[in-house]
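This briefing is intended to be read alongside the sequence and the coordinates. Please keep both in view while working through the points.

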Amino acid sequence: MSEASHTLADRIREHFAPLPGLAEKKMFGGSAFMLDGNMVVAVMKEGALLARVGKDGYDTALARPGCTPMTMGGKTMSGFVAVAAEVIEDDAALIAWLNECLAFASSLPPK
């Protein structure tokens with residue numbers, strides 16, 4: 001992981017620290033943050049954010065600045081978007097994304 005990725009992971013840990021049921025797991029070459037077994041967000045190369053917004057929130061998320069479809073191995077991951085690092089440099093912007101993804105993950109049954 002790059003320095004930017006480590007920094008983002010630290011910021012996410014700090015925001016999610018008081019939440020019960022939240023765990024960190026190594027995935028996608030970085031850290032993923034899981035709630036009751038469901039992925040909330042993950043840290044990507046160079047400090048970008050993999051955000052789980054769900055199928056219903058996908059188009060709305062893609063309309064936001066710095067947001068692109070998440071592709072892995074040539075396949076688009078439905079319900080997931082990549083958020084550019086420069087978009088989430090601001091704490092308020094990052095927290096908004098984290099809270100949105102947490103709300104979606106909270107709506108899922110535990111695994």
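The model is predicted. Its largest nonpolar core comprises 24 residues, and a second, separate core has 11. Helices α1 and α3 pass one another with axes that come within 11 Å.

**Nonpolar cores**

- Within the largest core of 24 residues, I12, V41, L49, V81 and W97 have the most contacts.
- Two or more residues of this core are supplied by each of the helices α1 (3–16), α2 (54–62) and α3 (91–106), and likewise by the strands β2 (30–35), β3 (38–43), β4 (49–52) and β6 (75–83).
- Helix α3 provides the largest share of this core, namely six residues.
- Setting aside residues up to four places away in sequence, V81 touches L49, L50, A51, V53, Y58, A61, L62, C67, T68, M70 and W97.
- The second core, which is separate and has 11 residues, includes M34, A48, M70 and F80.

**Packing of α1 with α3**

- The axes of α1 and α3 come within 11 Å and cross at roughly 60°.
- The crossing of α1 past α3 is right-handed.
- On the α1 side, the contact is made by L8, R11, I12, H15 and F16.
- On the α3 side, the contributing residues are D91, L94, I95, L98, N99 and L102.
- By residue type, the contact of α1 with α3 consists of seven nonpolar, two polar and two charged residues.

**A4, in helix α1**

- A4 lies in helix α1.
- Its relative accessible area is 34%, so A4 is partly exposed; this class lies between the buried limit of under 20% and the exposed limit of over 50%.
- Apart from its neighbours within four places in sequence, A4 is in contact with E46 and G47.
- A4 and V43 are 39 residues apart in sequence, while their C-alpha atoms are 9.5 Å apart in space.

**A93, in helix α3**

- A93 is located in helix α3.
- A93 has 22% relative accessibility and therefore counts as partly exposed, given that buried means under 20%.
- When residues up to four places away in sequence are not counted, A93 touches V87 and I88.

Notes:
Residues are numbered from 1 along each chain as its sequence is written. This is a predicted model: local features need pLDDT of at least 70, side-chain atom pairs count only at pLDDT 80 or more; totals for chains, interfaces and linings use all residues. Side-chain values use heavy atoms; hydrogens and water are left out. A nonpolar core is a set of buried Ala, Val, Leu, Ile, Met, Phe, Trp, Tyr and Cys residues joined through side-chain atoms within 4.5 Å. Buried means under 20% relative accessible area, exposed over 50%, partly exposed in between (1.4 Å probe, protein chains only). Helices (H or I, at least four residues) and strands (E, at least two) are DSSP runs, numbered from the N terminus. Contact means heavy atoms within 4.5 Å. Axes are lines fitted to C-alpha atoms, for helices over the stretch in contact, and angles run from 0 to 180 degrees between N-to-C directions. A crossing is left-handed if the near helix is turned anticlockwise from the far one by less than a right angle, and right-handed if clockwise. Ala, Val, Leu, Ile, Met, Phe, Trp, Tyr, Cys and Pro count as nonpolar, Asp, Glu, Lys and Arg as charged, and the others, Gly among them, as polar.
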